[in-house]
Amino acid sequence: MNAGTLSRGDWAALRLPIAGSRVVVARGDEVEDLDPTTQEVVARLRTSIPADVAEAVGRAEAAFKTTSWRSDGRLRSQVLWRFAERLRTNVEPLAELLTREQGKTIGEARSEISGSADMVEYYAGLARSLYGRSAVLGEHVHGVVVREPVGVVAVITPWNWPLTLLMRSLAPALAAGNTCVVKPASLTPAITVRALDLLAEDGTLPDGVVTCVLGPGSVVGDALVGAPGVEMIAFTGESGTGTAVMQRAALGTRKVALELGGKSPNIVFADANLEKALDGAMNAIFTTSGQICTAGSRLLLESSIYESFVARLVERVATLQMGDPLLATTTLAPLVSADQRRTVEDYIALGRKEGTVLTGGEPPSEEYLARGYFVPATVIVDLPLTSAVVREEIFGPVLTVHPFAAEGEAVALAEDTDFGLAAGIWTSDLDRAWRVGRAVRSGTVWINTYHHFYPEAEVGGFRRSGLGRQQGIEGLLEFTETKHLNFDAKPTLW
Ligand code: NAD
């Protein structure tokens with residue numbers, strides 16, 4: 001993979017929907033999509049009006065009912081394989097667009113595109129392996145339990161990992177034979193549409209299997225969740241929005257899969273390999289500048305290593321390079337928007353009041369950097385456990401650090417949260433790793449590592465972090481309904 005730096009140069013803003021796009025249904029106002037580093041226009045696009053949402057859902061319903069998509073696993077597999085190939089051959093242009101639109105570092109953007117292709121490949125394979133069960137239910141009676149697609153699925157995505165999180169729902173939904181209407185976050189429409197157009201390039205993809213509507217969640221997302229033809233909503237986003245989506249979906253008895261927020265503990269025991277734990281702590285919180293649902297935002301340190309670990313952490317933080325995310329040397333990218341920066345800065349101000357800020361706080365001075373939504377990496381100690389900085393998801397490069405005296409206290413601190421998305425444990429003691437790993441109620445527990453995801457392995461949340469699982473086999477089954485076909489050779493009817 002090319003790990004080089006890209007030149008900013010001239011950027012010809014994309015105009016979306018691109019003429020001939022088979023996926024976008026949007027006849028509303030034209031809006032500008034801005035680069036969070038430079039405020040350049042990345043794309044101009046139209047938003048969707050409610051009638052567009054109805055049209056997209058209607059096309060998806062028609063494709064579900066009238067084409068072979070839901071019954072032809074081989075076709076679905078081939079379409080997904082070819083889509084993954086096109087993603088792989090377009091890693092560079094897609095990564096550049098992603099960095100310009102979302103602001104993440106170019107290295108992370110490249111791995112997001114390749115990881116998305118990997119996800120699609122995994123479900124391309126599973127599209128031909130959607131097995132049911134059979135059972136002998138009596139002397140003359142057999143039951144066959146099959147998995148069938150749910151119908152039209154609305155896929156609603158956030159802006160932080162826009163392609164990964166799209167593919168994590170879209171690929172299994174399509175593999176299972178559903179048809180989908182995608183609604184990306186308002187901050188990341190361009191990368192979404194570009195990728196979906198690559199999917200739609202496939203001449204064998206029936207019309208209407210995938211469409212896309214664009215615009216604010218409160219209008220377009222809400223209309224999609226409430227559209228009568230939608231049978232399931234696969235939502236990834238903030239916990240409060242997820243609750244609202246679930247309430248709205250309940251009115252139509254629609255199935256929901258919710259991937260929501262987190263406030264994940266990262267626990268370091270004194271017996272850990274501390275060098276690796278230090279790398280892990282940095283990666284856990286500063287990936288995507290902290291704008292990642294699984295961010296290890298609460299660092300729990302065994303008391304005997306607390307002082308020295310915090311001192312080394314602060315040294316490491318000082319080496320982070322804030323700057324243009326298109327440069328290979330940049331390790332801390334800007335936040336996605338002015339609103340997001342304001343929210344994070346408010347939490348830092350509260351942290352200053354309620355605790356001690358050890359590093360961070362000064363914005364970059366260069367005029368060029370001042371145009372981007374940068375927030376320096378920030379470490380806060382001595383906070384009361386009741387502080388909103390400790391309890392709420394910040395979604396920025398802000399780490400709180402807390403000491404613990406013994407294993408039991410570490411587990412209690414880790415569990416003192418409304419969320420349950422992820423956790424990290426650093427220790428050389430295997431028994432302890434299992435004990436603590438089982439005690440912490442999180443969808444993912446990383447042991448001596450952090451932020452590694454695999455299409456084969458399920459992710460999801462306990463408590464307010466979500467409902468259902470994505471990725472892996474369970475991630476495919478989420479997008480199915482179970483049907484029992486019953487055969488009785490000598491029926492005794494009631
Ligand atoms: P958000 O909840 O504001 O928006 C997510 C999506 O929902 C967007 O497309 C938005 O337009 C849409 N939306 C907003 N209101 C809606 C409504 N009333 N009806 C229907 N759709 C609506 O989240 P965000 O700011 O885009 O993303 C950040 C959040 O996402 C964080 O809380 C983060 O933890 C969470 N997240 C979770 C995961 C996970 O896997 N659990 C992954 C990434 C992000």
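## Contacts with the ligand

A polar side-chain atom of Lys-183 sits 2.6 Å from an oxygen atom of the ligand. Glu-393 also reaches a ligand oxygen atom, with a polar side-chain atom 2.5 Å away. Leu-260 uses its backbone: a polar atom there is 2.6 Å from a nitrogen atom of the ligand. Polar contacts here are pairs of N or O atoms within 3.5 Å; within protein, one must be able to donate a hydrogen and the other to accept it, and residues adjacent in sequence count only if both atoms are side-chain atoms.

On its own, the ligand has 850 Å² of accessible area, and the protein covers 86% of it. Such areas come from the Shrake-Rupley method with a 1.4 Å probe; for residues, only the protein chains shown count as cover.

## About the model

This is a predicted model: local features need pLDDT of at least 70, side-chain atom pairs count only at pLDDT 80 or more, and totals for chains, interfaces and linings use all residues. Residues are numbered from 1 along each chain as its sequence is written, and side-chain values use heavy atoms, with hydrogens and water left out.

## The shell around the ligand

How many residues surround the ligand? There are 27, and Thr-157, Lys-183, Thr-241, Leu-260 and Glu-393 are the closest. By class, 13 are nonpolar, eight polar and six charged. Nonpolar covers Ala, Val, Leu, Ile, Met, Phe, Trp, Tyr, Cys and Pro; charged covers Asp, Glu, Lys and Arg; the others, Gly among them, are polar.

Helix 7 gives the largest share, four residues. Helix 5, strand 9 and helix 8 each supply at least two. Helices (H or I, at least four residues) and strands (E, at least two) are DSSP runs, numbered from the N terminus.

## Helix 3

Helix 3 spans residues 91–102. Its 12 residues reach 16 Å from first C-alpha to last, close to the expected 16 Å. That expected span is 1.5 Å times one less than the number of residues.

Of the 12 residues, 10 are buried, among them Val-91, Leu-94 and Arg-100. Buried means under 20% relative accessible area, exposed over 50%, partly exposed in between (1.4 Å probe, protein chains only). Gly-103 follows the helix, with a positive phi near 100 degrees.

## Pro-206

Pro-206 lies in the loop between helix 6 and strand 8. Why does Pro-206 count as buried? Because its relative accessibility is 15%.

Conventions
A residue is near a molecule or strand if one of its heavy atoms lies within 4 Å of it.
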